[in-house]
Structures are given as structure tokens and as C-alpha cells.
Amino acid sequence: MSPASGLSLYFFLIVFQLYIAIAVISIIALWKVFRKAGWPGWAAIIPFYSNYVTFRVAKMWGGWMFLQLALLISSYIFTLFLPWHAKYLGETIVDCAIALCMIISLIANFRISRAFGKSVGFGIGMIFLPFVFLPILAFSKAEYQFDEDSYYE
């Protein structure tokens with residue numbers, strides 16, 4: 001093994017450990033946020049159910065999760081049936097579907113910050129640095145403010 005390959009392996013292990021640490025902290029923070037909002041904390045570790053609960057905590061319709069899933073699956077299936085010379089169109093459709101899913105998720109993050117009574121700046125932080133601002137939200141004294149009138153805005 002050359003020194004360069006050993007160094008790259010060492011770098012990979014450092015990055016992997018950092019990724020695992022951020023993932024664990026994010027799961028714990030999401031667990032606490034769900035508990036504060038009145039949902040079960042274990043929902044943070046169930047893949048699709050966690051997205052559903054996230055939308056509900058954000059005071060959004062839970063079906064947005066299914067819409068995101070349908071957008072991604074249908075766009076990929078659509079590209080399978082395109083002829084080889086139209087693959088650029090298929091890639092564009094997939095990119096648009098991914099962008100729409102990201103916009104929906106960004107709106108949900110912003111609305112979660114609003115649901116806990118945080119400012120616009122905190123909402124922007126939730127959008128750009130969720131792995132920093134979600135633990136701040138989880139471990140702060142912020143309380144979930146459920147308002148029936150604004151539930152499905």
C-alpha cells in the first residue's frame with residue numbers, strides 16, 4: 001500500500017465518521033422535535049413515515065410525501081420509455097421533479113421553524129443548515145404552537 005492510498009483511506013474514514021455523527025445528531029434532534037410537536041419520537045427512524053410526520057409538524061398536508069414519491073418514481077419510469085435520442089428530455093424531466101421535491105422540502109423546513117415560533121432568519125437557517133438548526137430547535141425551550149386555522153395553509 002502506497003502512502004497516498006493510505007492517506008486517502010484515512011481521509012475517507014474521517015469523512016465517514018463525520019457523516020455518521022451528523023446523521024445520529026440529526027435523528028436525535030428530529031426525535032425531540034417530533035416529541036415536542038406531539039408525535040411519537042420513533043417516527044424519526046422510519047423512512048417514509050418520518051417524511052409524513054415532518055409534513056404534519058410543518059402544518060402541511062401529509063400527502064405531500066406521496067406527491068414527492070410519485071414525482072420521482074414517475075419521472076424515472078418515464079425516462080425508461082423514451083427512445084435513446086430523447087434521453088436529454090428525460091434527464092430534464094427528472095431534474096425538474098427533483099427540484100420540485102427540494103422546493104417542497106424547503107417549504108416544510110421553513111414552516112417547521114414558524115410552527116415553533118422562530119424568526120424568518122431561523123427558518124432560512126433551517127433551509128441551508130438543517131444539521132445545525134434542527135438540534136438548536138430540538139434542545140431549545142421553543143414550544144410547538146398548534147393553530148387549527150393555519151393547519152392546511
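A: The lining of the largest pocket divides into 10 nonpolar residues, 7 polar ones and no charged ones (Ala, Val, Leu, Ile, Met, Phe, Trp, Tyr, Cys and Pro count as nonpolar; Asp, Glu, Lys and Arg as charged; the others, Gly among them, as polar). The model is predicted: local features need pLDDT of at least 70 and side-chain atom pairs 80 or more, while totals for chains, interfaces and linings use all residues. Residues are numbered from 1 along each chain, and side-chain values use heavy atoms, without hydrogens or water.

The pocket has a volume of about 500 Å³, the space filled by probe spheres set on its grid points, which are joined across faces, edges and corners. A pocket is an open set of points on a 1 Å grid over the protein atoms alone where a 1.4 Å probe fits, with protein on both sides within 12 Å along at least five of seven lines; lining residues have an atom within 4 Å of a point.

Of the 17 lining residues, Leu30, Ser50, Asn51, Thr54 and Asn109 lie nearest the centre. Helices H1 (3-36), H2 (47-57), H4 (87-115) and H6 (130-139) each give two or more residues to this lining (helices are DSSP runs of H or I, at least four residues, numbered from the N terminus). Helix H2 gives the most, with 5 residues.

Helix H2 also holds Tyr49 and Tyr52, which are separated by about one helical turn because they are 3 residues apart. Tyr49 is partly exposed, at 28% relative accessibility, and Tyr52 is partly exposed at 22% (buried is under 20%, exposed over 50%, partly exposed in between, with a 1.4 Å probe and protein chains only).
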